[in-house]
There are 2 protein chains.
Amino acid sequence: MYDFSDRIKNLSGSATREILKLTQRPEIISFAGGMPAEECLPCAVIKEIANDILGGANADKILQYGRTEGCDALNVRLVEYLAELGIATDTEGIQVVSGGQQGLDLMCKAFLNKGDTVLAENPTYLAFLQIAKTYEADVVGVDADENGLVISDLENKLKKHKPKLLYTVPTFSNPTGKTYSAENRKAIVELCLKYDTVIIEDDPYGRLRYGGDEVPLMKTMDSHGIVVYITSFSKTVAPSLRVAVACGEKELIRKLTIGKQGADVHSPALTQTIIAEYLKRGYFAPVLDRNIAIYRERRDSMLAALDRYMPSGVEYTRPDGGLFIWVTLPEYFDAKEMLPDAIARNVAYIQGEEFFPKSGDGKNTMRLNFSNSSPEKIDRGISVLSDLIKDKMRKHKEITL
Amino acid sequence: MYDFSDRIKNLSGSATREILKLTQRPEIISFAGGMPAEECLPCAVIKEIANDILGGANADKILQYGRTEGCDALNVRLVEYLAELGIATDTEGIQVVSGGQQGLDLMCKAFLNKGDTVLAENPTYLAFLQIAKTYEADVVGVDADENGLVISDLENKLKKHKPKLLYTVPTFSNPTGKTYSAENRKAIVELCLKYDTVIIEDDPYGRLRYGGDEVPLMKTMDSHGIVVYITSFSKTVAPSLRVAVACGEKELIRKLTIGKQGADVHSPALTQTIIAEYLKRGYFAPVLDRNIAIYRERRDSMLAALDRYMPSGVEYTRPDGGLFIWVTLPEYFDAKEMLPDAIARNVAYIQGEEFFPKSGDGKNTMRLNFSNSSPEKIDRGISVLSDLIKDKMRKHKEITL
């Protein structure tokens, strides 16, 4: 009935969200989402902070209109926070965004015309694919291996497509959990500089490290202002506060500010000030340490259960951090087709094909989230999933015999 | 240095925001903004609610990822709130947005292709003009008189441009303070139905009525789903919570949801739940009544001061509500050129030309905000402004003699 815009008329909401709705039944063991564990959310501390700031002398300022760039109090803390990560910036080099996702949206708004090409890892964060679609851009996948992007493939595609943007989640990637090596990052930054392509370094998971060594951020290797670093407090403090930050050259950040001015004027000062005080009062590190211990146990449980139950022919990543393990089934599997059977057995995951730029790729893959289930549930869920996979393998053998 | 998108490369932030920065000096009497008075913000009540909900059994849910459509608790209250305004809807007919502005952005996202035309009142809310630019659409102004849009002009422009959207602020408009009559609204809805144009009824100010009779909302005259009603709690509760709602047909709202999913996943549950509880606990009406008394006094003070000080030849609206009075100076005035002189005398306003779709229109107009200054300051500010205008008139007379 309505004459919708080209960008939106064929979009029908992410498949994941529809699955997530299914998985909210209490009997389901869900490896489908990407949510922090609710027991990891620092409710008491946030209550304390909210109470203090809303009862304080600046309460009316916190409820009044504010600056698009972000609250002063938060921006000062963010500069310190980024400095700890090795990023030297100032308040003009950052834009507060309502979740990392708004950062991605504003980057696309600032750079992409209809028909432009962006590069992204094969596979990549599915919401980025959705966002790029709303800007009527084409996403081309770059091949990846255990060290990061395949540099020869990246160079070919930079040459061929002259993309304005390369989108990456280089640390504990969504969906694979993998981390690009330092050498790989350096090569990516050098190549993108050569081909005049801006890199989005999306880093929601980097602080959730359970093992292995720190790898320098691409932003710290960027002497020409071609990397925009986006990090969020969604996975480390609380998702629903929707506080994240984009960091880059002043000229570029200014365009994100203009984009945000139109989009929503500014993020709520209440949630911004909560994060500012959270950082100021020193809650960040101890809460993160506590949560890392919980998540590490869950990652270990999932890896142990995969090792224990999965039949040979099933491969999976062993991430040093983040929230996800990526499973590759034998070629003939279709994880999307298998999902209703899994849900019938009360286990949920996300079919990996959602994360591939090219439709039809990755049909035999799935993403498993381990942060939001207890070790016991993880063990049970992986056992059930493994049985299902073994059943399918048997049937396949029968048919092909 | 960067190859920005066409939509953003020539945008340089709204002029208003730059002016607002100037006007934050304490000695300035500012009629420039559009902000609620800080003494009208219900800090204590919001503190109480935040404390309760963050200490309650659902605190972890409030900090966890939520639905794009909005929190259940808020959506149920919003359906009731809209029913009080005469709008019958259900939770599938509403989308929570981060301020009314996000509603405008998502409507443009859902409807506008590059090169499309939208109609808006002459003059209109300047941020809408900015948003339409980011969607590379053209805004054509429709003439208006004291009853609302000039219907013959509207029909001519609907015929000529076949616009997808008509943008209106029909109650206590920003910037003029004027209200469309019931007959005018009915004629607009009928015409837009005939020409297949969706109407945005933007209503941030409608609850701030200081006199006159209620006028039915266009949404209540809409039997074919062509009106999207957007209202916000920014002016009635607190701007920085960024809680507003868009209401329309399910099919259309679904597209706003998809647009928001890409833009920022969802609005913070904390701010949404604060508004839900605020409505549930019955704070809305009494706080509004208190604020209306304060704003009515300020409107009256400004009108009295304008009557007292302004020379003949200066015209202004006498709004029944909202936050603004619109001043029309003699034709030869340039309010933008005069602004530095006003600021030198410690008074600020916004030049009216910012609110016109066509560049160069309205040079002799200005918008005055009365909500954010005491009656004393209003009297003093208008007196100073009137003196400045009289000086300019005298000089003009000398030159033309």
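B:Cys247 is buried in this predicted model, with a relative accessible area of 1%. B:Cys247 takes part in no disulfide. The nearest cysteine sulfur belongs to B:Cys192 and lies 17 Å away. A:Cys43 is likewise buried, at a relative accessible area of 15%. The search of the whole structure returned 0 disulfides over all chains. A:Cys43 is accordingly in no disulfide. Its nearest cysteine sulfur, that of A:Cys40, is 11 Å away.

The contact between the two chains draws 83 residues from chain B and 82 residues from chain A. The area buried between chain B and chain A is about 7100 Å². Carbon and sulfur atoms give 56% of this area. On the side of chain B, B:Tyr2, B:Leu63 and B:Tyr65 supply 11% of the area buried against chain A, more than any other three residues.

In one salt bridge, the side chains of A:Asp105 and B:Lys109 meet at 3.9 Å, N to O.

Several helices of chain B give two or more residues to the side that touches chain A, among them α1 (6–9), α3 (43–55), α6 (100–111) and α11 (269–280). The largest share, 10 residues, comes from α10(B). By residue class, this side of chain B divides into 36 nonpolar, 25 polar and 22 charged residues.

Definitions and conventions
Residues are numbered from 1 along each chain as its sequence is written. Chains are lettered from A and ligands numbered from 1 in the order in which they are written. This is a predicted model: local features need pLDDT of at least 70, side-chain atom pairs count only at pLDDT 80 or more; totals for chains, interfaces and linings use all residues. Side-chain values use heavy atoms; hydrogens and water are left out. Contact means heavy atoms within 4.5 Å. Buried area is the accessible area (1.4 Å probe) that two parts lose on being put together, summed over both. A salt bridge is a side-chain nitrogen of Lys or Arg within 4 Å of a carboxyl oxygen of Asp or Glu. Helices (H or I, at least four residues) and strands (E, at least two) are DSSP runs, numbered from the N terminus. Ala, Val, Leu, Ile, Met, Phe, Trp, Tyr, Cys and Pro count as nonpolar, Asp, Glu, Lys and Arg as charged, and the others, Gly among them, as polar. A disulfide is a pair of cysteine sulfur atoms within 2.5 Å. Buried means under 20% relative accessible area, exposed over 50%, partly exposed in between (1.4 Å probe, protein chains only).
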